[in-house]
Amino acid sequence: MAREDTDTDTETRTAPAPQRPAPTEQQPAAAPPAVRTWAMRLMPLAVVLAALNLRPAITSLGALLEEVRDGLGMSGSVAGLLTSVPPLCFALFGVMAPRLARRFGPPAVVCAGMAAIATGLLVRPFTGATPAFLLFSALALMGIAVSNVLMPVIVKRWFPDRVGTMTGLYSMALAVGTSAAAAVTVPLTRALGDDWRFGLLVWAALGVAAVLPWLLFVRERQEQAAPAHTAGAPAAKLSMVRSPTAWALAVFFGLQATGAYITMGWMAQIFRDAGVAAGTAGILLAVTMAMGIPLAFVIPRVATRLPRQGPVVVVLGTCGLIGYAGLYLWPVGGAWLWAVLLGVSNCAFPLALTMIGMRARTGPGVASLSAFAQSTGYLISIPGPLLVGVLYQHSGGWGLPIALMAALMVPQMAAGILAGKNRVIEDEAAARA
């Protein structure tokens, strides 16, 4: 496979080679070549299995929410809260990931995250009470949150010359897991005796399968010492709050997540209210989600070959603007085209993950940037779907909500252009010092 040169790779190669310190307890020696060989062969499988687990806990529940509500006697307000919990948990628990990674190593934390997902999905269907169901859902979401943050770190650490390829691979696996859980949970439930508990339980098997390869990597530790070219600004002490790049990435991540959650929550209803049959509206939403499967692999590879990612941001944003305009002006006649265009626009997610890996030079730097961008971004995304619902309810139509969705694309593109500039957070910290 041809080497993918990124801007961070180029800067690293041109910098003076740092002296490698002797191994200490804080900085373990590199693994023996034999271990590294089998590890490099197994790590892509571990990454794919982890990525497959990062959304089924959410989308499988969405497919069976009505049955879960009836089975647990859950009120409508609690059910509404349950649908808002994922981004909140991603924001709250994601900030823990860098500290845990520095202490135990990223592979060990991801392994624990997979175990938390498996445990949460195994237990929550059989709790029999809403509070316990929420508690074990939060346990699974905690595992997803820390794994979300650390996947770019794993890619940067293990595949520094293939950031685009590996980011595309796990983004594609994430999209497959998202779509599969949404599409097959209901048929699986019917095949398993029409019991929603078993329909949710089956996705725990993915978590169990993901734990096994990661167990082999728990002794792998992230290198703690920063390279000499960070100019005395160790990645562990980088201030994300003072970094323009970190803020640009956080805003871009948050606005693309807002668009994705609005699409997942409301697009089918928009088509149905326009006169599209319910079954067709569901298929249109599936088409939108499925666009992320091939493009999640392609876009990161393209992005890492460009010195700046702004052009990709603009293309994706333009697709979104055209798609929203079509939804407003001609929702039925052009429904399939708008579904495809909005699916392309939603592929800003793998682009954001790719830029996280490119905007930091060191593993700890990627961990800090990933935690800040994703946690802050998910906080930004929380009000969007709720605001769309309020506008829809009070305006009696989709004109204002669609206008809001289109308007959010403008700051998303602006933030993405800034985040896509050819720079790294370590250099920003050195310039401030």
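Visitor: Which residues does Met114 contact, leaving aside its neighbours within four places in sequence?

Guide: Met114 is in contact with Ala50, Asn53, Leu54, Ser147, Gly207, Ala210, Val211 and Trp214. Contact here means heavy atoms within 4.5 Å.

Visitor: Before we go on, what kind of model is this?

Guide: This is a predicted model, where local features need pLDDT of at least 70, side-chain atom pairs count only at pLDDT 80 or more, and totals for chains, interfaces and linings use all residues. Residues are numbered from 1 along each chain as its sequence is written, and side-chain values use heavy atoms, with hydrogens and water left out.

Visitor: Thanks! Which members of the largest nonpolar core touch the most other members?

Guide: Met43, Met114, Trp214 and Leu351 do, in a core of 110 residues. A nonpolar core is a set of buried Ala, Val, Leu, Ile, Met, Phe, Trp, Tyr and Cys residues joined through side-chain atoms within 4.5 Å. Buried means under 20% relative accessible area, exposed over 50%, and partly exposed in between, with a 1.4 Å probe and protein chains only.

Visitor: And which helix gives the largest share of this core?

Guide: Helix H12, residues 244–274, with 13 residues. Helices (H or I, at least four residues) and strands (E, at least two) are DSSP runs, numbered from the N terminus. There is also a second, separate core of eleven residues, including Leu61, Leu64, Val68 and Phe133.

Visitor: How many helices and strands does the protein chain have?

Guide: The secondary structure comes to 21 helices and zero strands. Of the 433 residues in the chain, 52% are buried. Among contacts between residues at least 6 apart in sequence, 84% join residues at least 24 apart.

Visitor: Switching topic: how many salt bridges are there?

Guide: The count comes to three. The rule asks for a side-chain nitrogen of Lys or Arg within 4 Å of a carboxyl oxygen of Asp or Glu.

Visitor: Which one links distant parts of the chain?

Guide: The side chains of Arg361 and Asp427 meet at 3.2 Å, N to O. Arg361 sits in the loop between helix H17 (348–358) and helix H18 (363–381), while Asp427 is in helix H21 (residues 425–432), 66 residues apart.

Visitor: Is Arg361 buried or exposed?

Guide: Arg361 counts as buried because its relative accessibility is 12%. Asp427, at 31%, is partly exposed.

Visitor: What does Glu428 pair with?

Guide: Glu428 forms a salt bridge with Arg423, with the closest N and O atoms 3.6 Å apart. Glu428 is in helix H21 and counts as buried at 12% relative accessibility, whereas Arg423 is partly exposed at 23%. Not counting residues up to four places away in sequence, Glu428 touches Ser243, Pro244, Thr245 and Arg423.

Visitor: And what does Arg197 meet in a salt bridge?

Guide: Asp195, at 3.7 Å, N to O. Arg197 is partly exposed at 27% relative accessibility, and Asp195 is partly exposed at 22%.

Visitor: Back to H17 and H18: at roughly what angle do their axes cross?

Guide: Roughly 145 degrees, and the axes come within 9 Å. Axes are lines fitted to C-alpha atoms, for helices over the stretch in contact, and angles run from 0 to 180 degrees between N-to-C directions.

Visitor: Which residues meet there?

Guide: Phe349, Leu353, Ile356 and Gly357 in H17 meet Val366, Leu369, Ser370, Ala373, Gln374 and Tyr378 in H18.
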